[in-house]
Amino acid sequence: MRVMVLVKADKDSEAGNMPSEDILTKMGAYNEELVKAGIMLAGEGLHPTSRGLRMRFSGADRAITDGPFAETKELLAGFWIWQVKSMDEAVEWLKRAPFDGGTEIELRPIFEMEDFGDAMTPELKAQEDRLRQDIERKG
Amino acid sequence: MRFMVMVKATEDSEAGALPTKDLLDQMMAFNRDLIAAGVMKGGDGLTPSAKGARVRFDGASRSVIDGPFAETKELVAGYWLWECASLDETISWVKRCPNPMPGPSEIEIRPIGSLADFGDIVSPDVAAEWQQMKREAGEVD
C-alpha cells in the first residue's frame, strides 16, 4: 500500500527559516535509509504559504485567496509518498524521522483503484493505467 | 517551476463519499490534458482521515494519534504535482479543473522548494548526494 506522509508547518517553516545543517544532515541520512529500503517514492518541501494561494470552487464560481494562511499547525510544509506493507510499518519508520520540537506528522493511506467501487468502470481503470504510464514516460 | 496542488477535504470526502462516474470521467479528461501539456508529474487521492494517523515529535518522544481529525477544511483529500512556467499558469490550469467535490470546495496551490533555497547550508557534496537519491527514488530532476 502507499501512504502520504504530511509534514505540518510551524512558525519557523512559515517564516521561511531554514533548518540547521545538523538537521539537514540527519534528514539526508534518513532519506537514504528510506530509499535503500525501497520505501521512498517521492518527497518535497513546500515554500511557506505566503507564496501560495487557495482557489474556492462553488458551482461555476472560482475565487482566489492569496496566502499566507492563519492555521499554522494545520498547514502543510512538506510531504513524502511511501510504499509500505501496512500503517504499522509506516508508523515505525516515521518514529525514526529526525524531527523534534513539537512537530506533528500526518499519515494518510492513498486510494487505490479497488477503493473506488463500481464508479471506477473497467474502461476508466484502463484509462487510469494508461495515464500513469504516460506520466512515467514523460518524466 | 514545480507546484503542489492540494484538494482540501470536505464533510463528503471525510465521510468516504466516492466520486460519481461523471466526475471520474471529467477528472480523467482533465488529467489527460495535464499530461499532454507536460504539466502533470503525479497525483493521488487520499483516503479519509479516519484511516490515517498522526505522529507527534517532541524531543525524543513519539506519540501516535489515530484519525479521524477534526479540522475538515484544513485536511488534504488529494494532491497533484505539476510543472508550470509560473504561478499564473498554475492558477489557469486549476480554474479548468472540474469541481472535485459534490458541493463547494477549495484547492490550495504551493510552490515547491528546491535545494538552492537552502543556500550555503548545503555543501556541494550534500547537494550531489541529494540529487542522486532522487534519481534512485525514481524521481526526475
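1. Let's start with the sheet that runs E2(A)-E5(A)-E1(A)-E6(A)-E3(B)-E4(B): in this predicted model, these six strands form an open sheet with antiparallel pairing. Its edges are strand E2 (40-45) of chain A and strand E4 (61-66) of chain B; each has a single partner strand, so one side of each is left without a neighbour in the sheet. From one strand to the next, the twist averages 20°.

2. Strand E6 (residues 104-109) of chain A runs antiparallel to strand E3 (residues 53-58) of chain B, and four bridges join them. Here A:Ile105 stands opposite B:Val55 in E3(B).

3. Helix H2 (residues 21-36) of chain A packs on this sheet, where it touches E2 and strand E5 (76-83) of chain A. The direction of the helix makes about 25° with that of E5(A).

4. Now for the other sheet. Six strands in the order E4(A)-E3(A)-E6(B)-E1(B)-E5(B)-E2(B) make up an open, antiparallel sheet. Strand E4 (61-66) of chain A and strand E2 (40-45) of chain B stand at the edges with a single partner strand each, which means that one side of each lacks a neighbour in the sheet. Neighbouring strands are turned by 20° against each other on average, direction ignored.

5. Within chain B, have a look at strand E1 (residues 2-8) and strand E5 (residues 76-83), which pair in the antiparallel sense over seven bridges. B:Phe3 stands opposite B:Trp82 in E5(B). Helix H2 (residues 21-36) of chain B packs on the sheet and touches E2 and E5 of chain B, its direction making about 25° with that of E5(B).

Definitions and conventions: Residues numbered from 1 in each chain as written. Chains lettered and ligands numbered in written order. Predicted model: local features only at pLDDT ≥ 70, side-chain atom pairs only at ≥ 80, totals over all residues. Heavy atoms only, no water. Pairing = 2+ DSSP bridges. Helix = DSSP H or I, 4+ residues; strand = E, 2+ residues; numbered from the N terminus. Axes fitted to C-alpha atoms, helices over the stretch in contact; angles between N-to-C directions. Contact = heavy atoms within 4.5 Å.
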